[in-house]
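Subject: Structure handover

Hello,

Here is the structure you are taking over, followed by notes on what was found in it.

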Amino acid sequence: MEADVDSKGNAPVVFFIPVSFHQLLDFQQHSHAKERSAGVLAEKVGHESCLVQLRREEKGQSFRAAGCVSSGVLYTQNGFHVPVERCRVQGLSEALFIPVVNTYDGKQQLHNTGIELSAGRLLAAVSRVTPVYREFSPLGTVILTADAVAPLDMYVATWNGKMLQLCFMRGGLGFLGAKRLCLIHAAFQSTQRVEYKPIKKVMVANRGEIAIRVFRACTELGIRTVAVYSEQDTGHMHRQKADEAYLIGKGLPPVQAYLHIPDIIKVAKENEVDAVHPGYGFLSERSDFAQACCDAGVRFIGPSPEVELEENYTRAFSEALAAFGNGALFVEKFIEKPRHIEVQILGDKYGNVVHLYERDCSIQRRHQKVVEIAPAAHLDSQLRTKLTNDAVRLAKQVGYENAGTVEFLVDKHGKHYFIEVNSRLQVEHTVTEEITDVDLVHAQIHIAEGKSLAELGLRQDSIRINGCAIQCRVTTEDPSRGFQPDTGRIEVFRSGEGMGIRLDSASAFQGAIISPHYDSLLVKVIAHGKDHPTAASKMSRALAEFRIRGVKTNIPFLQNVLSNDQFLRGTVDTQFIDENPELFNLRPGQNRAQKLLHYLGHVMVNGPITPIPVKARPSPIDPVVPTVPLGDPPTGFRDILLREGPQGFAKAVRQHRGLLLMDTTFRDAHQSLLATRVRTHDLKKISPFCPWQRLQELRELIPNIPFQMLLRGANAVGYTNYPDNSVFKFCEVAKENGMDIFRVFDSLNYLPNMLLGMEAAGQAGGVVEAAISYTGDVADPTRTKYTLEYYIQLAEELVKAGTHILCIKDMAGLLKPRASELLVGALRQRFPETPIHIHTHDTSGAGVASMLACAAGGADIVDHGRLGIQMEKVFDYSEYWEMARGLYAAFDCTATMKSGNADVYENEIPGGQYTNLHFQAHSMGLGNKFKQVKKAYVEANKLLGDLIKVTPSSKIVGDLAQFMVQNNLSRQEVEAMADELSFPLSVVEFLQGYIGIPYGGFPEPFRSKVLKDLPRIEGRPGASLPALDFQQLEKELRTRHQEEEITPEDVLSAAMYPKVFDEFKEFTATFGPVECLNTRLFLEGPKIAEEFEVELERGKTLHIKALALGDLNRAGQREVFFELNGQLRSILVKDTQAMKEMHFHPKALKDIKGQIGAPMPGKVIDIKVEEGAKVDKGQPLCVLSAMKMETVVNSPVAGTVKKIYVKPDMNLEGDDLILEIE
């Protein structure tokens, strides 16, 4: 609607006072005019809150103006006085608006001439733009809806004598949200003459990469630079990049130091600083800081205080308050799946404004931008024009100067909504610089000096888009844990570089300390290409080149974003991350080299990971690998197995003329000789850590020879009972990984357990070799329990069950030559078509004679170890193993057992256990009591009913024997006090029936006295167990170990040995592929100045040199220095011995659910429970803050708070114990 004009052609301007909105007054204007100059009191309007609707009628024309008024006056300009004549009250349900019409001779400017702005009075002046409903409060908060009712351009308001600037939207656009109004001083645009003043020294009131970005621009312009830094930033890079650096905020918290305006102004004045650049964040949008600079005679490189807009968008109160010193909040209208588009503007002091096109910032997490793109892909040209025109028009209306960003949301229909103006340089300004070739920081400085845009060569028609740029913010956040900030020391930093890549960083260098006090941004990576796909390709390549070790980063997440089809098509919106959960299927970096350095450093500082039984060092000589002829391996028995299956294999074995040998060097032979396992590293070398990995690698290297494994019947490869489906699944996966023969046995020869294992192995397609565990002496008529008839009857059952091969498993080496002839001869006579395999241990030294007797009796296969076998064709092979044995000197049985010992026929200790018991006695200082242990073993065996002693039954006997020696108990005393003693758990569970029923039953009354009222298991222990849910277990493992790729082998390992598997995963996650280290390095680490090579895989070899071992620091750590591939590397290793003597905050134990640890490093903000309080599962326990992000720690269990280990404001490291719940 057009307004009336006076005789000079000027339209009236109406001034209102802000109030609330619950009443409506309808005014009828008198037709007479009364001369009044602007600001003169016209008439009191009344003291009640009301809405004023003004209707003017004069010369047949009218206009409407409505405004919020209270306790004040109604003004007109140009001589029109508007009195109040009558009114009526109506209820209102909407918030209100204040539109007025003002043409000012066609100029869209507000002049300050003649306007009196006293306390509490509202000035509303507009020029044909869309109004919105608004409500004012004395604090300057305005609530807006999206309903437009009349043409409104913009308006300003006063409160207590200060001007409030509001935002506007042009016709047809909705207005979102609630904004906090910024206080300005007089008018929108200064009419004073601008004077050019060169800047010679600039101080950046900020830190990190933005400070360095400004310093570089200043250096290019020949301007001296000044940095400020907090006490926590003493070692930060930005202070080193400046010409001068000064401490601020001494004694203040880390963030508050950069918000301390008096200190910053003091530094500026004392050091003759001409101008201050605020960067972004901190004080960059604080008008009081800009004003303080002006008051101190220091130029503020940014908008003047008169037009400064305060940013509150997207920040929760406490985070905003901590990071920016401002906790204001606002809400906004919901727009479904919008794009977040922002326009870069530049304005000078002469009223000129240009735009530098737009950026797409839609890829956000928690409203924080992650990836930014310029220009916005597939943006309609007309929409681009609307966005840029609106941005420029707004900036001109408010007289905006310097750099700023106007932000919009664009809905799926192409309608755009204004969000806010960021009156500062944005983090993502880099992409605009890349596509326009305009240095925004240079422009900021020149504008502050007083130069015009024209003088800078910045005319709108000369600014063009050149290609596409993408920025990725690499942060020290862990995407797999909800982007929790990570802190610590950067051990390795190698960046991605090359054509089309720009890096802006500050703390990204080797040795940098990432603290929890500031933003987690590490480096900004900017890629520039001819188009969106090209820029994305360059970015992907650059991210793949990064190597950052010591702290977690979001690079794997960013790589997923860059490879996402939706991203590559350029069709992202603000819901992109939420709607693409596959972005969190992270591919963790291998980090193999650094992990191996950690392992070597740990061994150098703390000694071997593996307990060393005796003080014997590995041989310094590496074994020589014999020359292996090139070409395919010769045909072996495995070829027959693959071709003809298990039945054909068994038939071929039986029909073979001559004795077949089972090479046990890889397993049992060396287990009896060494109190450990030979490492995969040494096994692979002789074959031209994980058992599955070992099997896979050896299978590939030895394709022609059958592999055999031990299967403990229903116990699979463990020492306990498992659900039946676990045993079947294990055999299936083992066969798929290359296993051929399953030697199925039970430590008690308990037939039900054996039959289940045989069925599982057969169903998997393996060769079933049922093994009878041997004990006693079938040649001794006085040994009446385990007689020849016993073994024949048991063999009958096994052959009837379908075994392909029959085996005698002589774990203790008790099978004497005469007994061998009797037993094997009887079996051969009874089962002429079944292959017979004999396994023994040579503890007594009579093993060779026994094997010869077995062969004479009709055995088809006997076990042997190649160590010491003097055969011409295997000389080189034997030499390798003899040298390899020297590497395990600390575990070699000859270190304590110098020769074979025939007392094994008395104590019947299995070979592997004999060696281990011997080393255990020596390691515990009981080496001189080993004879007593062996005697007690005999007595313990009798107490338990004369068992067949194979793992785990042999361990039960051994545990009881050591218990007797430690407590100086005889067999008679144990029997007498059985109902009083606290026996080892293995003994109690055996008597309960956990491993099956022994031949001849349990010993009574010993069993009843030990168990008392404890439950007993009847029948096969595993028969009553529910089936294992492998899918659920896999899901749990993914969560527990934060890995997407959990293999079937991992699931089976966790099912068999849950604790061992967890320890293994933790070990490999910490120390990497230690199997690549040679055995000497693995056991004792390198010597100082030693150089060596580690082959990670074919074509990837590490060259390592150990340089030095540092002194102990206050944290109980030693710094270990290496040279890796020619570059210096250092790691910090905790000295475990020194740590015992120093006090440190306790860590939460992961396997104890009631111990609650800190999920991330940070400061304790709030403790929400007290000791003794009852808590529910999921109940908040405390709040931590780090890097401007707060995390609520919830209780994983229900219970009672036993003890609280933290206090408010305490700084914690990851996994520090917070409290205990019981």
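How many aromatic pairs does the structure hold? The model is a predicted one, and it holds 22 aromatic pairs.

Aromatic pairs

Phe-483 and Phe-557 have ring centres 5.1 Å apart and planes at 90 degrees, so this pair counts as edge-to-face; the cut-off for that class is over 60 degrees. Phe-483 sits in the loop between β23 (477-478) and β24 (484-485), while Phe-557 belongs to helix α11 (residues 555-563), so the pair ties together parts that are 74 residues apart in sequence. Phe-483 has a relative accessible area of 4% and is buried. Phe-557 is buried too, at 0%.

The other pair, Tyr-790 with Tyr-999, is tilted, with 4.4 Å from centre to centre and 40 degrees between the planes. This pair links distant parts of the chain, 209 residues apart: Tyr-790 is in helix α20 (residues 788-800), and Tyr-999 is in the loop between α29 (985-992) and α30 (1006-1011).

Are the two tyrosines buried or partly exposed? Tyr-790 has a relative accessibility of 8% and counts as buried, because the cut-off for buried is under 20%. Tyr-999 has a relative accessible area of 37% and is partly exposed. Both residues are members of one aromatic cluster, made up of Tyr-774, Tyr-786, Tyr-790, Tyr-791 and Tyr-999.

Helix α18 and its contacts

Helix α18 (residues 724-736) packs with helix α19 (residues 751-763) at an angle of about 40 degrees, and the axes are 8 Å apart. That angle makes α18 oblique to α19. The crossing of these two helices is right-handed. On the α18 side the contact is made by Asp-724, Val-727, Phe-728 and Cys-731, and on the α19 side by Leu-756, Glu-759, Ala-760, Ala-761 and Gln-763. By class, the residues of this contact are 6 nonpolar, 1 polar and 2 charged.

α18 also packs with helix α32 (residues 1048-1056), here at an angle of about 140 degrees and with the axes 10 Å apart. α18 and α32 are therefore oblique to each other, since an angle has to be over 145 degrees to count as roughly antiparallel. α18 passes α32 in a left-handed crossing. The residues in contact are Ser-726, Lys-729, Phe-730 and Val-733 from α18, with Pro-1048, Glu-1049, Leu-1052 and Met-1056 from α32. The contact of α18 with α32 divides into 5 nonpolar, 1 polar and 2 charged residues.

Ile-435 is part of helix α8 (residues 429-436). With a relative accessibility of 0%, Ile-435 counts as buried.

Which residues does Ile-435 touch, not counting those up to four places away in sequence? They are Ala-374, Pro-375, Arg-464, Ile-465, Asn-466, Gly-467, Cys-468, Ala-469 and His-528. Ala-374 is 61 residues from Ile-435 in sequence, and their C-alpha atoms are 7.1 Å apart in space.

Ala-374 and Pro-375, both touched by Ile-435, are joined by a cis peptide bond with omega of about -10 degrees. Pro-375 is in the loop between β19 (368-374) and α7 (381-397).

Other backbone details

Most peptide bonds are trans, and most residues other than glycine have a negative phi. Besides the bond described above, the peptide bond from Thr-951 to Pro-952 is cis, with omega near 15 degrees. Pro-952 is in the loop between α26 (930-943) and α27 (953-966).

Lys-337 is not a glycine but has a positive phi of about 50 degrees. Its place is the loop between α6 (317-324) and β17 (339-347), and with a relative accessible area of 35% Lys-337 is partly exposed. Asn-591, also not a glycine, has a positive phi of about 55 degrees. Asn-591 lies in the loop between α12 (565-569) and α13 (592-606).

Regards

Definitions and conventions: Residues are numbered from 1 along each chain as its sequence is written. This is a predicted model: local features need pLDDT of at least 70, side-chain atom pairs count only at pLDDT 80 or more; totals for chains, interfaces and linings use all residues. Side-chain values use heavy atoms; hydrogens and water are left out. Axes are lines fitted to C-alpha atoms, for helices over the stretch in contact, and angles run from 0 to 180 degrees between N-to-C directions. Helices (H or I, at least four residues) and strands (E, at least two) are DSSP runs, numbered from the N terminus. Angles under 35 degrees count as roughly parallel, over 145 as roughly antiparallel, 65 to 115 as roughly perpendicular and the rest as oblique. A crossing is left-handed if the near helix is turned anticlockwise from the far one by less than a right angle, and right-handed if clockwise. Contact means heavy atoms within 4.5 Å. Ala, Val, Leu, Ile, Met, Phe, Trp, Tyr, Cys and Pro count as nonpolar, Asp, Glu, Lys and Arg as charged, and the others, Gly among them, as polar. Rings of Phe, Tyr and Trp (its six-membered ring) pair if their centres lie within 6.5 Å; planes under 30 degrees apart count as stacked, over 60 as edge-to-face and the rest as tilted. Buried means under 20% relative accessible area, exposed over 50%, partly exposed in between (1.4 Å probe, protein chains only).
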